[in-house]
Amino acid sequence: MPVDASSLISPALDQLREQPDVAPAEVPGLLERLAAVPDPRDPRGVRHVPAVVLALTACAVLAGATSLLAVGEWIADAPAQVLERLGVRPDPLMPERLLPAESTVRRLPARTDADALDRAVGRWLADRRPATAGLRGLAVDGKSLRGAAKAHGRKIHLLAAMAHTTGLVLAQLGVGEKTNEITCFQPLLDTVADIAGLIVTSDAIHTQREHAEYLLDRRAHYIVIVKGNQKNLRKQLKSLPWKEIPLQGRTKNTGHGRSEICRIKVATVNSLLFPAARQAIQIKRRRTDRKTGGITIKSVYAVTSLTADQATPAQLARLIRDHWTVEVLHHVRDTTLAEDASQLRTGSAPRAMATLRNPAIGALKRTGVTNITAALRRNARDP
């Protein structure tokens, strides 16, 4: 019996093609989203539009390619039915199939509008957010590309917004040389179409009153960690009568050569020095180094706009803990996809490749993959 070639395409590649849960007409596919990325090249002699080349690159990454050389090799070896689904068409004047040249694969990412590419990929991933009940978190966190650098050795730094439970990167933005993460917070979230009802979590650098007011204006909530950059607020939190407040949750975790016990206390407040703060949070962490036996105890303070009716202490503890799942994403990009080892330094190429790792990881997560490394090896064996 003949086998339908389309049935051989992996479920993850189907994710890059379209959203399987709804009609294609309702949710744009990857090629349609990438069509919004402008072509930086002279239109004369262009055979392959940017959307096709970028989609081919994303699929090569999904098959384990960690460099532009590997991307070019994957494209050269890809079967005809895969190339057709990614928009590669024969030249009417030359019947044989023409593939993007290696020079195209190298030069286009270097000249691509990185902001436009981030917006296109972020919207494609946002389209694929599953509908979930309950509290939904969005983690905002920064990351440097250690292997790549701009002129004078300055590292490329990215700020990203990642959905807690799904690990989908809904937005990403480059942090410019003359700015920092703080000034990029609002422009980053401006690219996410709807954040109403989301709980935005971040580390202490984003504990800024302007950020809180921005989120409240967009009908979102926040949970922010309070450290030395908000001295008066931290002093106010430390002065609360925590000893009189009963313990409201306890969790135990192991990993990274240590065990950790976290105890959480929450107090309802109405007079904190932060916009619309409704609950104060104290988390006491007791960490034990399993190798040396050394013990460290640290108290962490946070505030949230969520009321006691909207979020229980257990839910707040989970949201704070889930924020750091963004580190899992960084680990996958750094080690599994060799982002830290990349030596790309030409134009926008380092950032473009970093962006195209997001749909590959997102496609795998959408199909329930838990072992990214094994999934990449499987994809490499089955085009």
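Predicted model: local features only at pLDDT ≥ 70, side-chain atom pairs only at ≥ 80, totals over all residues.

Residues are numbered from 1 along each chain as its sequence is written, and side-chain values use heavy atoms, with hydrogens and water left out.

Select Glu260, Arg285, Arg287, Arg321 and Trp324, which are the closest to the centre of the largest pocket among the 34 residues that line it. On a 1 Å grid over the protein atoms alone, a pocket is an open set of points with protein on both sides within 12 Å along at least five of seven lines, a cavity is a set where a 1.4 Å probe fits but cannot get out, and lining residues have an atom within 4 Å of a point. This pocket holds about 980 Å³, a volume being the space filled by probe spheres set on points joined across faces, edges and corners.

Next, select Arg41, Gly45, Val46, Arg47 and Thr104, which lie nearest the centre of the second largest pocket, lined by 16 residues; its volume is about 280 Å³.

For the largest cavity, of about 110 Å³, select its lining, including Arg129, Arg136 and Leu198.

Finally, show helices H7 (residues 114–127) and H13 (residues 349–366), whose axes come within 10 Å and cross at roughly 5°; axes are lines fitted to C-alpha atoms, for helices over the stretch in contact, with angles from 0 to 180 degrees between N-to-C directions. Helices are DSSP runs (H or I, at least four residues), numbered from the N terminus. H7 is therefore roughly parallel to H13, a term for angles under 35 degrees.

Notes. Helix = DSSP H or I, 4+ residues; strand = E, 2+ residues; numbered from the N terminus. Parallel < 35°, antiparallel > 145°, perpendicular 65-115°, else oblique.
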